[in-house]
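Subject: The structure I promised you

Hi there,

Here is the structure we talked about, ready for you to open and turn around on your screen. Have a look at it first, and then read on for what turned up in it.

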Amino acid sequence: VERRMVKHNNIIPNAHFRKDWQRYIKTWFDQPAKKAARRAAREAKATKLAPRPIGKLRPVVRGQTIRYNLRVKAGRGFTIDELKAAGINKREALGLGIAVDHRRKNRSEEGLKVNVERLKLYKSKLVVYPRKPTSKKQKAGDADKKQIKAMEAQEQNTLKTVLPIKQPAERIKARKIQDGEKKATVTAVLRKALTDQKRAGARAKAAADKAEASKGKKKK
């Protein structure tokens, strides 16, 4: 068998693999133990918070950008407008397990309506325990003994988000393309819509000025 040397005057392969290699390697031997520890921590938290749910009620929001806005997810907290529409005080909300986000703004009526309905549903299912169970006076909104007994029979909600969020199953049925749609130019339609939106204020002002001018002429 003919053996050939490497071409050109190169160095003979002599890899150095003993240069403090332990510093560049990350081990993960505690993975199973950490998994068990996290589970134990969740159970301890659930026991501490019982009969309250572990998670807080969070709003339904859309993902950012065109790529993700078809999906819905849990947001950071409800806006002040959503709480006001549902008849809940923003300071009271924190005590009822409702997350509040004073920075988020409502950009659409649909999104506002969905979250207001979510708050009302949560409020209808809410059972508020009295601060002093032995007190003879019952505070408005507190649960009575029958409601408390019924709640104790139920299992604790250990989900991260109270009232889990479901993805909307929006399916568009196939149909024939109409003649008007075939003739229409999409770019022209979009351009007109953008122009109308941009010029809406200026056109309204021009129309108002024109109306005032015509009124002035009639008076003369």
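Helix 1 (31-49), helix 4 (90-95), helix 5 (109-125) and helix 6 (145-153) each contribute at least two residues to the lining of the largest pocket. Please keep in mind that this is a predicted model. Its mean pLDDT is 87, and 96% of the residues reach 70 or more. Among the elements, helix 3 (residues 80-86) has the highest mean pLDDT, at 96, while helix 6 has the lowest, at 75.

The largest pocket has a volume of about 1500 Å³. It is lined by 41 residues, and those closest to its centre are Arg-52, Leu-96, Tyr-122, Leu-126 and Val-127. Sorted by class, the lining of this pocket has 19 nonpolar, nine polar and 13 charged residues.

The second largest pocket has a volume of about 450 Å³. Its lining is made of 21 residues, with Val-60, Val-61, Arg-62, Arg-104 and Gly-111 nearest the centre. Strand 1 (60-62), strand 2 (72-74) and helix 5 each give two or more residues to that lining. Which element gives the most to the lining of the second largest pocket? That is helix 5, with five residues. By class, the lining of the second largest pocket holds five nonpolar, seven polar and nine charged residues.

Asn-115 sits in helix 5. Is Asn-115 buried or exposed? With a relative accessibility of 1%, Asn-115 counts as buried, because the cut-off for buried is under 20%. A polar atom of the Asn-115 side chain lies 2.8 Å from the backbone nitrogen of Val-60.

Ser-124 also belongs to helix 5. Ser-124 has a relative accessible area of 56%, so it is exposed, the cut-off being over 50%.

**Salt bridges**

Side chains of opposite charge can pair when their charged atoms come close. How many salt bridges does this structure hold? There are eight.

- Arg-175 pairs with Glu-181, and their closest N and O atoms are 2.9 Å apart. Arg-175 is exposed at 58% relative accessibility, and Glu-181 is partly exposed at 38%.
- Asp-196 pairs with Lys-192, with 3.0 Å between the closest N and O atoms. Because these two residues are four apart in helix 8 (residues 186-198), about one helical turn separates Asp-196 from Lys-192. Asp-196 is partly exposed at 29% relative accessibility, and Lys-192 is exposed at 53%.
- Lys-205 and Asp-209 form a salt bridge of 3.4 Å, N to O. Both are in helix 9 (residues 200-219), four residues apart, which is about one turn of the helix. Lys-205 is exposed, with a relative accessible area of 54%, and Asp-209 is partly exposed at 39%.

You will meet Lys-192 and Asp-196 again in a network of salt bridges that links them with Arg-203.

**Some backbone details**

Finally, here are three spots to check along the backbone. The peptide bond that runs from Ala-50 to Pro-51 is cis, with omega near 5 degrees. Pro-51 is in the loop between helix 1 and strand 1.

Thr-65 has a phi near 70 degrees, a positive value in a residue other than glycine. You can find Thr-65 in helix 2 (residues 65-68), and it is exposed, with a relative accessible area of 52%.

Leu-163 is not a glycine either, yet its phi is positive, at about 55 degrees. Leu-163 is in the loop between helix 6 and helix 7 (179-183). With a relative accessible area of 16%, Leu-163 is buried.

Enjoy exploring, and do write back with any questions!

Best wishes

Notes:
Residues numbered from 1 in each chain as written. Predicted model: local features only at pLDDT ≥ 70, side-chain atom pairs only at ≥ 80, totals over all residues. Heavy atoms only, no water. 1 Å grid on protein atoms, 1.4 Å probe; cavity = no way out; pocket = protein on both sides within 12 Å on 5 of 7 lines; lining within 4 Å. Points joined across faces, edges and corners; volume = space filled by probe spheres on them. Nonpolar A, V, L, I, M, F, W, Y, C, P; charged D, E, K, R; others polar. Salt bridge = Lys/Arg side-chain N within 4 Å of Asp/Glu carboxyl O. Buried < 20%, exposed > 50% of the residue type's maximum accessible area, 1.4 Å probe, protein only. pLDDT = per-residue confidence, 0-100. Polar contact = N/O pair within 3.5 Å; in protein donor to acceptor, adjacent residues only side chain to side chain.
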